[in-house]
Amino acid sequence: MNHLFIKGLNPTAPTLLLLHGTGGTERDLLPLAQMISPSSSILSVRGNVLENGMPRFFRRLAEGVFDEEDLIFRTKELNDFLDEAANEYGFNRNKIVALGYSNGANIAGSLLFHHKESLRGAILHHPMVPRRGIGIPVLTEVPVFISAGTNDPICSPDETRELDALLRDAGASVTVHWEHFGHQLTSSEVNAAAEWYNKLFS
Ligand code: MLT
């Protein structure tokens with residue numbers, strides 16, 4: 001997969017896996033990684049799917065309607081890539097914290113839903129429920145930070161609550177941070193994510 005890897009100064013800190021939103025690139029979330037864990041190594045990946053020239057992590061049939069077959073395929077592809085990248089760059093495969101926005105948060109959620117122990121933790125900015133009606137792996141010990149907008153037209157507050165409940169039922173410890181905005185990423189939610197991360201991981 002197209003990606004960049006930046007080795008961090010602290011080899012014991014989690015590696016941050018950056019996952020951009022639709023139309024983004026692997027460079028978009030670099031400033032967030034700096035704010036959240038400046039000494040972590042960074043693995044930032046570009047989505048392998050193009051929608052009218054815009055990179056994404058999986059296909060969709062319409063806005064908010066995912067192509068499930070592709071979602072499953074792309075999630076496995078990303079999980080396999082994490083194994084390969086950990087070997088190639090020599091970071092701890094068991095200590096990856098995802099940091100995703102929108103479509104990137106959705107594939108991070110899908111990693112949690114489909115692949116046990118794929119992530120040590122996750123920061124999900126404006127995620128949706130990746131799939132419904134499936135058994136989710138046990139997520140005990142996996143902390144998840146979700147930020148959401150009360151006026152988000154893409155991800156409704158009800159969907160955020162549904163995702164929260166599904167992850168909690170699987171054993172994850174979930175923190176939900178609400179903003180009174182829409183789908184955009186705000187600096188205050190990034191600050192809240194940084195505070196959450198630093199309490200748990202540094
Ligand atoms: C998605 O397709 O993943 C969501 O609709 C978020 C987006 O990328 O707009």
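Tutor: A residue counts as exposed when its relative accessible area is over 50%, as buried when that area is under 20%, and as partly exposed in between. Keep in mind that this is a predicted model.

Student: Is N52 buried or exposed?

Tutor: The relative accessible area of N52 is 76%, so N52 is exposed. N52 sits in the loop between β4 (49–51) and β5 (54–56).

Student: How many helices and strands does the protein have?

Tutor: There are 5 helices and 11 strands in the protein. The C-alpha trace spans about 40 × 35 × 30 Å along the principal axes.

Student: What share of the residues is buried?

Tutor: Of the 202 residues in the protein, 56% are buried. The accessible surface comes to about 9,000 Å², and carbon and sulfur atoms hold 50% of that surface.

Student: What share of the contacts joins residues 24 or more positions apart?

Tutor: Among contacts with a separation of 6 or more, 68% are between residues 24 or more positions apart. Single pairs show how sequence distance and spatial distance relate. S187 and L32 are 155 residues apart in sequence, and their C-alpha atoms are 9.2 Å apart. D83 and G182 are 99 residues apart along the chain, with 35 Å between their C-alpha atoms.

Student: Where do S187 and D83 sit?

Tutor: S187 lies in helix α5 (residues 187–201), and D83 lies in helix α2 (residues 68–89). S187 has a relative accessible area of 54% and is therefore exposed. The relative accessible area of D83 is 36%, so D83 is partly exposed.

Student: Which other residue is found in helix α2?

Tutor: D70 is found in helix α2. At 9% relative accessibility, D70 counts as buried, because the limit for that class is under 20%.

Student: What is D70 in contact with, leaving aside neighbours within four places in sequence?

Tutor: D70 is in contact with V49, F58 and R59. F58 is also one of the residues that surround the ligand.

Student: Is S110 buried or exposed?

Tutor: S110 has 0% relative accessibility and so counts as buried. Helix α3 (residues 103–114) contains S110. Once neighbours within four places in sequence are left aside, S110 is in contact with L71, T75 and P130.

Student: Which polar side-chain atoms lie by oxygen atoms of the ligand?

Tutor: A pair of N or O atoms within 3.5 Å makes a polar contact. For T22, a polar side-chain atom is 2.5 Å from an oxygen atom of the ligand. For R56, the distance from a polar side-chain atom to a ligand oxygen is 2.9 Å. In R60, an N or O atom of the side chain lies 3.3 Å from an oxygen atom of the ligand. The ligand has 260 Å² of accessible area on its own, and the protein covers 95% of that area.

Student: How far is E63 from I154, C-alpha to C-alpha?

Tutor: The C-alpha atoms of E63 and I154 are separated by 7.8 Å, although the two residues are 91 apart along the chain. I154 is among the residues surrounding the ligand. E63 sits in the loop between β6 (60–62) and β7 (65–66), and at 54% relative accessibility E63 counts as exposed.

Technical notes:
Residues numbered from 1 in each chain as written. Predicted model: local features only at pLDDT ≥ 70, side-chain atom pairs only at ≥ 80, totals over all residues. Heavy atoms only, no water. Near = heavy atom within 4 Å. Polar contact = N/O pair within 3.5 Å; in protein donor to acceptor, adjacent residues only side chain to side chain. Areas by Shrake-Rupley, 256 points an atom, 1.4 Å probe, with all protein chains shown as cover. Helix = DSSP H or I, 4+ residues; strand = E, 2+ residues; numbered from the N terminus. Buried < 20%, exposed > 50% of the residue type's maximum accessible area, 1.4 Å probe, protein only. Contact = heavy atoms within 4.5 Å.
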